[in-house]
Amino acid sequence: MTANNNASILILPGDGIGPEIVTQAERVLNAVAEREGLTLTLDHALVGGAAIEATGGPLPEDTLAKARAADAILLGAVGGPQWDSLDMAVRPEKGLLGLRSELALFGNLRPAILYPQLASASSLKPEIVSGLDILIVRELTGGIYFGQPRGEFVNDRGEREGFNTYRYNETEIRRIGRVAFEAARKRGKRLCSVDKANVLEVTVLWRNIMKELSAEYPDVELSHMYVDNAAMQLVRAPKQFDVMVTGNMFGDILSDCAAMLTGSIGMLPSASLDADGKGMYEPIHGSAPDIAGKGIANPLATILSVAMMLRYSLGQAAAADAIERAVSDVLDQGLRTADIAATGEAAVSTDAMGDAVVATLTK
Ligand code: IPM
Ligand code: MG
């Protein structure tokens with residue numbers, strides 16, 4: 001990746017805690033840019049519920065145009081109970097799904113890393129999770145999330161019937177497979193492909209394509225696992241995994257599961273990449289409407305998403321390393337937002353956590 005010192009970045013705060021955490025991530029981005037001598041052009045736009053309120057739809061044309069033009073996108077979170085009753089086609093989530101699909105961001109990287117400082121925040125015993133470092137590669141623009149036909153109709157017994165379609169073609173499977181094999185090659189060289197090939201034809205094809213691809217990656221050890229077993233293994237013995245690759249819906253579920261191993265879903269960043277490395281970066285958690293506006297949300301997943309953005313879309317590894325080190329430092333300093341604080345331990349605010357990361361970066 002060639003270094004981009006003049007990147008344009010679109011910021012989409014979204015809903016719920018989105019604006020609070022993105023504000024902190026933006027401060028960190030500005031601080032690291034100054035430190036590393038990067039000139040960044042930042043722009044903002046509406047997505048999700050915030051866009052519905054302002055424009056009537058979750059993904060305004062203007063937002064999509066800006067997203068297409070930007071080198072990278074940073075997104076907070078979308079959704080909230082006030083929009084839950086809306087028709088599926090205009091819900092806040094459609095803003096996010098529309099961006100993923102319009103920009104062809106098919107390759108979703110969801111690392112689950114346990115910071116040693118947080119071993120006691122995990123719901124699992126420290127010996128099961130200490131040293132955990134997994135990468136989930138989730139296909140993001142296909143599968144049952146996007147498969148046609150879909151909908152609801154009244155069947156010939158006069159009752160309502162809903163349906164979705166789980167489908168993948170070879171091209172879609174092969175390109176996400178390559179992302180995963182390449183990632184595994186740079187890490188522990190083990191790839192576990194997760195499917196339901198004992199029941200679903202589409203995942204029999206998935207498994208076969210993964211096997212075909214493995215011929216091109218003799219240095220990577222490929223294994224296969226059914227998704228139900230994978231969910232169990234993730235909480236039983238998660239360190240057996242290096243890289244996991246799976247379809248859209250299985251990846252959605254398994255990445256939430258993996259998140260809890262690390263202590264809090266508030267710690268996990270993600271990258272959603274197209275074929276050329278352009279990407280959208282977001283925490284894997286949602287908009288957390290129950291704590292929105294209280295100033296207690298953990299901004300670290302979004303801050304770590306900025307690090308991924310610098311690494312994967314802007315070719316700025318040094319800046320990315322600096323952010324990741326700063327996050328580890330503030331954890332060493334004992335700073336904890338409520339989600340990662342041990343029982344009885346004092347928690348800091350969203351802003352205080354952002355302040356600490358910025359201070360550590362500019363020290
Ligand atoms: C995620 C989220 C989204 C998804 C929702 C908000 C549409 O859960 O990014 O994991 O299901 O992909
Ligand atoms: Mg999810």
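Tutor: Rings of Phe, Tyr and Trp (its six-membered ring) count as a pair if their centres lie within 6.5 Å; planes under 30 degrees apart are stacked, over 60 edge-to-face, and the rest tilted. This is a predicted model, where local features need pLDDT of at least 70, side-chain atom pairs count only at pLDDT 80 or more, and totals for chains, interfaces and linings use all residues. Residues are numbered from 1 along each chain as its sequence is written, and side-chain values use heavy atoms, with hydrogens and water left out.

Student: How many aromatic pairs does a search of the whole structure find?

Tutor: The search finds 5 aromatic pairs.

Student: What describes a pair of aromatic rings?

Tutor: The distance of the centres and the angle of the planes. For Phe153 and Phe163 the centres are 5.7 Å apart and the planes stand at 75 degrees, so this pair is edge-to-face. Phe153 lies in strand β6 (residues 151-154) and Phe163 in strand β7 (residues 160-163), 10 residues apart; strands are DSSP runs of E, at least two residues, and helices runs of H or I, at least four, numbered from the N terminus.

Student: Are Tyr168 and Trp206 buried or exposed?

Tutor: Buried means under 20% relative accessible area, exposed over 50%, and partly exposed in between (1.4 Å probe, protein chains only). Tyr168 and Trp206 are both buried, whereas Phe153 is partly exposed at 36% and Phe163 partly exposed at 28%.

Student: Why is the pair of Tyr168 and Trp206 called tilted?

Tutor: Their planes are at 50 degrees, with the centres 5.4 Å apart, so the pair is tilted. Tyr168 and Trp206 also belong to one aromatic cluster with Tyr166 and Phe250.

Technical notes. Chains lettered and ligands numbered in written order.
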